[in-house]
Amino acid sequence: MAEQQFVELLQTLLKPNTEGVKAATATLNKEYYTSPASLTALLQILTSHESSALRQLAAVESRKLVSKHWAAVPADQKPTIRNQLLQTTFTEDDKLVRHSKARVVSAIAQYDLEDGQWGDLPPLLQRAAVEQNAQHREVGVYILFTLLETLGDLFTENLTDLFTLFSKTIQDPESMDVKINTMLCLSRIAMMVDPDEDERSLKLFQDAVPHLVAVLKATVDAGDEEHALQAFEIFQTLIGLESALLNNHFGDLIKFMIDLASQTEIDDEYRAQALAFLMSCVRYRKLKIQGLRLGELITTKALQIVTELGDLSAEEEDVTPARSALGLLDILASSLPPTQVVVPLLKAIGPYVTSQDPDYRRAGILALGMCVEGAPDFISTQLKEILPLVLHLLEDQDIKVRAAALNGVARLADDLAEDMGEEHSRLIPALIKNFDLAITQDQKNERNLEIIRGSCNAVDSFIEGLDTEDAAKYVPELVPRFSQLFEHEDYKSRIAAIGAIGSIAAAGEEAFLPFFEPTMRALGPYISLKESQADLDLRGVVCDSLGKIASAVGAEPFKPYVGPLMHASEEALHLDHPRLRETSYILWSTIAKVYEENFEPYLEGCIQGLQECLQQDEAEDEVQLGEEAKDLIGAEVSIAGKKVRVVSATNDDDDDDILDGIDGDDDDWDDLLGGMSAVAMEKEIAIEVVGDVITYTRRKFLPYFQKTVEIILGMVDHEYEGVRKSAIGTLWRAFACLWGLEEGSGMEKWKPGIPLQVQPTDDLIKFGRLVMTGTLQILTTEEDRATVTDINRSLAASLKLCGPAVLTTESGTVVKELTEQLVIILTKKHPCQQDLGDEGDDEVMEESSEYDWLVIETALDVVSCFSVALGPSFGELWKIFNKPVIKYASSQERSERSQSVGTIAECIGNMGVACTEYTSALLKLLLHRLSDEDPDTKSNAAYAVGLLCENSGAEQEILKAYPTICAKLDPMLSEGQHARMLDNAAGCVSRMISAHPTHIPVSEVLPRLVQFLPLREDFEEHKPIFQMIFKLYQSNDATIQQLTPQLMQVFQKVVESPEEQVDEETKTKIVELVQYLQSK
């Protein structure tokens, strides 16, 4: 081999000459790297060349060739090569080259040790790790780390010896490199330890944790950024491993990190890293944090950090401790119960929002806004106290506080639209006042622009929570104001105003018609913008708003604009702008909803675009683009029409990043990181839109149905949870659409129970089985709670709409499997209810975050709909569901008691007489809940008791309880009561009379009942009330005859009401009764 030419070619690779590098690379690959001699030549350069840059390149290249050529290197040369490589690694001055050499050592050792060669290497390294020479110690430990990466199994038999060694090296008196390398080693060992099988190694690792913390603290105290960031990253890695590794010290570790994050005297980078670690802990170890009751501490400390936001604009994106603290509050609120986050936050922010310091006032409202999404139900109960604070801050003299208050209104409205909408008369004038003040000020001032945008965004979020009648009042005030921004020089202000106009139109409906044509003329030109990224961003928001406008004005007025808008949306798919593509999909959904089957002319292009999206290749090539691309790290770029992710801006081989050492096939890390990418998120939206288009276009979609469904069926087990969730939801919607079409074509309405009494078509049966099989496969192992929640919703809706057919399989039913999964969820043992890596053996927490409760609440809905589909045969299943459902009826949480009692009521009604054997236990529980302090729980209990009296065959037991029931219902039947409670109490009394008329003093009860008719809220209870009235008329009851004049007024109100207060059958009977009474 021409060694001089070989060296020259390598040196060419180091020169900034693209063509030269390409030519040299081609020559090396073709003429040199095919021969084993190239490996020995590279190793010679690596161990002896004077240029550190060339040594580094030789390390990178030789490591690539070890697997290809090392076996072919003559055996008599190997000892010398190994010895030279190892010795020069110990003495290498350049740290980067030293680490790269270490990886070459590891690459060779991977083959030699497995072949029984180089057996003295591990003990030699262990001796080197405690030598007098600090660099030798550093190299010895680092090579051990690289061996643990590549040959971890080799060390499983002597982990104790390694722990003994590392207990010394982690406390190295001289070298921080030795300590950090030891941390790297321990992180690799942590991946190998099985806590259940190796308690000794677990204990030894736990003993090492305080030393790991000490190293991190030392790097921070010394301002040693390189080592500190490595240490933080190692702790992030440990959070993704077995929870037992950190459990003994978890509470102390959390306190250390939050204290570190709170120290204003240390570098912001370290504080942000500590907050990032805490976010990971809350996300993946929330049950541990909840059990240790650390939520309040983290919340109050994070709130204090938010005060440091300073003069940063709310729209800047720099990572700072204050911004990270806001992100932490967001995760805390969605992961922990309100008692540990929102309650202490609300207690704490009082002094903040009344402080003389504007930074504190802003911090208070920003922190509150970040917590709304995670705990909307609880915060809705506190709005009476919160809104005066918000209104006060909207009048604040400091402009940045007002901007924060506007942000707070938007966040509150996003999740509490109806509750906030009730306060429109106070809030909208305050929003307009802020807008008007800012619009007259300097339009170059970023703070003023923040107020303008904030006002628009607040209206955007707020207005759609109003009743149409209320929203209509504000349309003439708001549209002219915001329309003047359509040509504003600040693109962000334009975007905010245009977005708000769409929401105003959607909320105001007909009231927007006078502004419709001028708005369309003003916005029309924007749908073809494509000159710049800003243009495309603006185009996306315009299309979104035009969709809302279409919904507001209706099909006919919007008809002239549909063609151009659909054309523009199809063109947008090819402009290489993910957000614009997603906007096009959502627009198609909206237009399909407006035009329903008349959307047919656009279906072909729409479906083609959606299918192309769903069939995109998600393989993300990872590329290194050189130093000039460092700003693109982590981003996706398009190269030759294919999406690739930039993972590095250099070409070095320094792999100290612990994540780089994790095997790409490691399932735990795949699960942790998920399959989320820009393409996957785009697919999630596209699948949702497919579901919408199927639902709205119905029969017109049938030509595209099979292929589309086949594509989506293949995505049920996608890596990204968002795709899994939308795929299962859309498949069930598709099934429901087919079912509705078949019923519309004459298929008989289903009847409850298995075996099926009504046989669906073969196509329906086959499709339903495919969807149910895919659903249960995912449900069994799904770790994402939002996906499980959506699966529950889909199952509940499908059981209610399509009945028991969805439960059948070729060999029987899925009743057993589905029941098992529901019980697992109700007992909080499902994978989505566990911390990462836990198996559900820990103590079950009584309290839940609102998102965690949603998983259980929707499972209770499935239980209810299960009873709808099975009817009386559900009685057998109640033996299984009885205990886990009833448990929540005694919860400390009002919402949990209410939901549980409501589920019990539905199940009683649906299983009918099969509830008889459960009468004693249910009656005892429900009588107790009739005295509940929560009106919703009490209301549901009244509903349930009425159904039990109506359906149970245990007459003596029921009749014995009649006096107690009546006594508990008595205070519920009075003016001023909670409307739904009164309605359900009236329904309960009516069922009791219908079931046993001689055991109720009708002459006393009926006049009192009639005065509350018609019902005010729960119109479903009209049915048992009118059935009772019909029965009393049929039996010529004297009391009912005397009440005829009052009842005639009730009948008229119910029949003529614009609201559908009774079903058609009941309405017909009312009309017949009225005619009969008038004829007398």
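Analyst: The model is predicted, so local features require a pLDDT of at least 70 and side-chain atom pairs count only at pLDDT 80 or more, while totals for chains, interfaces and linings use all residues. Residues are numbered from 1 along each chain as its sequence is written, and side-chain values rest on heavy atoms, with hydrogens and water left out.

H30 and H32 are roughly parallel to each other, a term applied to angles under 35 degrees, whereas over 145 counts as roughly antiparallel, 65 to 115 as roughly perpendicular and the rest as oblique. Helix H30 spans residues 533-553 and helix H32 residues 578-595; their axes come within 9 Å and cross at roughly 10°. Axes here are lines fitted to C-alpha atoms, for helices over the stretch in contact, and angles run from 0 to 180 degrees between N-to-C directions. Helices are DSSP runs of H or I with at least four residues, strands are E runs of at least two, and the numbering starts from the N terminus.

On the H30 side, the contact is made by Leu536, Arg539, Gly540, Cys543, Asp544, Gly547, Lys548, Ala550 and Ser551. H32 contributes Arg579, Leu580, Thr583, Ile586, Leu587, Thr590, Ile591 and Val594. Contact means heavy atoms within 4.5 Å. By class, the residues of this contact are eight nonpolar, five polar and four charged. In that scheme Ala, Val, Leu, Ile, Met, Phe, Trp, Tyr, Cys and Pro are nonpolar, Asp, Glu, Lys and Arg are charged, and the others, Gly among them, are polar.

Aspartate 576 sits in the loop between helix H31 (555-572) and H32. Its phi is positive, about 55°, although the residue is not a glycine. Glutamate 509, in the loop between helix H28 (491-508) and helix H29 (513-523), has a phi near 50°, likewise a positive value in a residue other than glycine. With 35% relative accessibility, glutamate 509 counts as partly exposed; buried means under 20% relative accessible area, exposed over 50%, and partly exposed in between, for a 1.4 Å probe and protein chains only.

Thr919, Ser920, Leu923 and Leu927 of H44 meet Glu957, Ile958, Ala961, Thr964, Ile965 and Lys968 of H46. The contact of H44 with H46 holds five nonpolar, three polar and two charged residues.

Methionine 981 belongs to helix H47 (residues 979-995) and is buried at a relative accessible area of 4%. Apart from neighbours within four places in sequence, methionine 981 is in contact with Pro935, Lys938, Ser939 and Met972. Asparagine 940 is 41 residues from methionine 981 in sequence, and their C-alpha atoms are 7.8 Å apart in space.

Glutamine 833 lies in the loop between helix H40 (815-826) and helix H41 (850-870) and is buried, with a relative accessible area of 10%. The side chain of glutamine 833 reaches the backbone nitrogen of lysine 829 at 3.4 Å. Residues up to four places away in sequence aside, glutamine 833 touches Leu287, Ile824, Ile825, Lys828, Val855 and Ile856.

Arginine 82, in helix H5 (residues 78-91), is buried at 9% relative accessible area. Not counting residues up to four places away in sequence, arginine 82 touches Trp70, Asp112, Gln117 and Trp118.

Two peptide bonds are cis. One joins isoleucine 754 and proline 755, with omega about 5°, and proline 755 is placed in the loop between helix H37 (721-744) and helix H38 (762-781). The other runs from leucine 1013 to proline 1014, with omega near -5°; proline 1014 lies in the loop between helix H48 (1002-1010) and helix H49 (1022-1034).

Two record annotations may be set beside the model. An unreviewed UniProt entry annotates residues 24-91 as "domain: Importin N-terminal"; over residues 24-91 the chain is 79% helix and 0% strand, with end C-alpha atoms 31 Å apart. UniProt positions follow the numbering used here, feature names are shortened, and annotations may be inferred rather than shown by experiment.

Terms used: Polar contact = N/O pair within 3.5 Å; in protein donor to acceptor, adjacent residues only side chain to side chain.
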